[in-house]
Amino acid sequence: MRCVIARYPFDLTKSGVLASMKGITPEIVTGESVTIGRRRYPVKQVGQVITRQDRRDFTGGEVIRAMTRLGFTCHARPDAAPVCVPTPLQTASTLLGAASMDV
């Protein structure tokens, strides 16, 4: 399949992407990601490996568009874990020397 990433045309195939990503250790996913095989890779890492370009040269959207057309599963930015904010009563109790009420 022919696609354009960072204004350069690339002929990508699903098997070619699988071969390129074989042996590559996934980085920590903090934004959009792509599932390739049984691993989940950040979009920018996949784009860098398959195009051999700097990550600043292309957008994540370009890579997601190409990977979706090739049949890979793309994921949106992961939800952040909820932050436990103590209530005013818990804060006052802690300041007065009571044991922490963390659950």
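Is D54 buried, partly exposed or exposed? D54 is partly exposed, because its relative accessible area is 34% (buried means under 20% relative accessible area, exposed over 50%, partly exposed in between, with a 1.4 Å probe and protein chains only).

The model shown here is predicted: local features need pLDDT of at least 70, side-chain atom pairs count only at pLDDT 80 or more, and totals for chains, interfaces and linings use all residues. Residues are numbered from 1 along each chain as its sequence is written, and side-chain values use heavy atoms, with hydrogens and water left out.

**View A. Helix α2 packs against helix α3.** Here residues 43-51 form α2 and residues 60-70 form α3; the angle between them is about 75 degrees and their axes are 9 Å apart (axes are lines fitted to C-alpha atoms, for helices over the stretch in contact, and angles run from 0 to 180 degrees between N-to-C directions). That makes α2 roughly perpendicular to α3 (65 to 115 degrees). Helices are DSSP runs of H or I with at least four residues, strands are runs of E with at least two, and both are numbered from the N terminus.

**View B. The contact of α2 with α3, residue by residue.** From α2 come V43, K44, V46, G47 and I50, and they meet G60, V63, I64 and M67 of α3 (contact means heavy atoms within 4.5 Å). By type, the residues of this contact are 6 nonpolar, 2 polar and 1 charged (Ala, Val, Leu, Ile, Met, Phe, Trp, Tyr, Cys and Pro count as nonpolar, Asp, Glu, Lys and Arg as charged, and the others, Gly among them, as polar).

**View C. The largest nonpolar core, with 20 residues.** Such a core is a set of buried Ala, Val, Leu, Ile, Met, Phe, Trp, Tyr and Cys residues joined through side-chain atoms within 4.5 Å. Among those with the most contacts inside this one are I5, L12, I36 and M67. Helix α3 gives the most to the core, 5 residues. Not counting residues up to four places away in sequence, M67 touches L12, V17, V34, V46, I50, F72 and C74.

**View D. R55 and E27 meet in a salt bridge.** Their N to O distance is 2.7 Å (a salt bridge is a side-chain nitrogen of Lys or Arg within 4 Å of a carboxyl oxygen of Asp or Glu). R55 sits in the loop between α2 and α3 and E27 in the loop between α1 and β3, so the pair ties together parts 28 residues apart in sequence.

**View E. D54 forms a salt bridge with R56.** The closest N and O atoms are 2.9 Å apart. R56 is exposed, with a relative accessible area of 73%.

Definitions and conventions. Parallel < 35°, antiparallel > 145°, perpendicular 65-115°, else oblique.
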